[in-house]
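Let's set each value beside its cut-off.

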Amino acid sequence: MVVETQAEPASDALKTALAQFDAAADCLGLDEGMRMVLRHCKRELAVHFPVRMDNGTIGEFTGYRVQHNLARGPAKGGLRYNLNVSLDEVRALAMWMTWKSAVVNIPYGGAKGGVIVNPKQLSVRELENLTRRYATEISIIIGPNEDIPAPDMGTDAQVMAWIMDTISMHRGYTEAGVVTGKPVSAGGTLGRAEATGRGLLYIVQETARQFGVPLQGATVAVQGFGSVGAVAAQLLARAGAKVVAVSDSGRGIYNEQGLDVDALMPCSKDRSPLSEAPGGDHVTNGELLALPVDFLIPAALEGQIHERNVDSVRARFIVEGANGPTTPEADAILADKGIFVVPDILANAGGVIVSYFEWVQDLQFYFWEEGEVNDRLHRVITRAFRDVVAMAEQRGVSLREAAMLLGVNRVVEATRVRGIYP
Ligand code: NAD
């Protein structure tokens, strides 16, 4: 049988992550030693492992788990199942997780993992076999006090349940706090599945308030209709915004009068193509990014808004649901065009914030009501938004630069005060 396991060329995500860090380091006047520590990932594990496929053959897969920094607490970050996964991409994503946790001031370092695989090509049994074997391979560095994975592209609550169960079988007791984003029936928290999309809603609301833009009737386009994008679109539509376009990896659907997002939600759950959904005209992903909307929410992959297409972007605000959707070159051009960007490490932090709440509940064996989860998320993410806006005003910089300054500085402080051992 044929199983796609080939990675496409390494992404530019690491270049973007390092360029953003270097700019913050310059601004903070960091010395060479501190730069060296923070430019590198602390631990990098690459694993090659066999998986028994349904037809009796053995598939060989490659995965990674990378911990960028542990100065502020255990490593935290998602797991990606995608054919484009590469070590450099995982490093970049791990680094962004460090700054993200610091910006929203939760006690975590940054990590990320991934397997080079197209999960859609596997049966459920093959996906479970792959997940349990990968979890076993990385079990030497994950744990509730060490490194806590969570869902990302191509993984979900079921994958987290398999990982939690695998680690628990090894240790001989239930280790709920080893992953977050689990089903509620297996130690997950209420509100986690919607947390990143809900965080985006709160950030759009804060941005609208800051600029005096009424959210009622504000137009929104969302690229990526998965765990993050679909929930953000749904919550924004319920809050009164007019979601005019959404897309998936194929293409998108557009309706100037506003889409019926609730009717489109099954496409997100069963991954059926939006191009076959009723209720609007077809648009390509390129056309969606160029729509003249109030809010553009890229919620798919990194590097989607770049030097070659940024001129066509006509949104007033970009709120980054995905990690690294805008390249540094495009970022500079957007600033010149007066387009206000709320950066990923702030805008999509709802997921890690509620993951933190899940972990706290698991460690205490005491679970909260959903309203408490959402209220606390609102409090943490709006405080972070206001902190970042204040920093931007004080330093005269963009929100991305301000978020980086805030996040990097908190990690620097923790690193300095802990000292260099021995
Ligand atoms: P997902 O797999 O649930 O959904 C991804 C969506 O993007 C799907 O609709 C897919 O069809 C679409 N897509 C894939 N390639 C595309 C392309 N080239 N053009 C347009 N659409 C494309 O993934 P997710 O969990 O929603 O993650 C999306 C982004 O959000 C990623 O960058 C991820 O790192 C980031 N993120 C996720 C979380 C989380 O809690 N899941 C938290 C923070 C950030």
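Q: What makes both faces of β4 count as covered?
A: Gly-109, Ala-111, Gly-113 and Val-115 on one side are all buried, and so are Gly-110, Lys-112, Gly-114 and Ile-116 on the other. Buried means under 20% relative accessible area, exposed over 50% and partly exposed in between, with a 1.4 Å probe and protein chains only. Strands here are DSSP runs of E with at least two residues, and helices are runs of H or I with at least four, numbered from the N terminus. A word on the source: this is a predicted model, where local features need pLDDT of at least 70, side-chain atom pairs count only at pLDDT 80 or more, and totals for chains, interfaces and linings use all residues. Residues are numbered from 1 along each chain as its sequence is written, and side-chain values use heavy atoms, leaving out hydrogens and water.

Q: Why is the pair of Phe-49 and Tyr-134 called tilted?
A: Rings of Phe, Tyr and Trp (its six-membered ring) pair if their centres lie within 6.5 Å; planes under 30 degrees apart are stacked, over 60 edge-to-face, and the rest tilted. The centres of Phe-49 and Tyr-134 are 6.2 Å apart and their planes stand at 40°, so this pair is tilted. Phe-49 sits in strand β1 and Tyr-134 in helix α4, 85 residues apart.

Q: How do you know that Phe-49 is buried or exposed?
A: Its relative accessibility is 0%, so Phe-49 counts as buried. Tyr-134 is buried too, with a relative accessible area of 0%.
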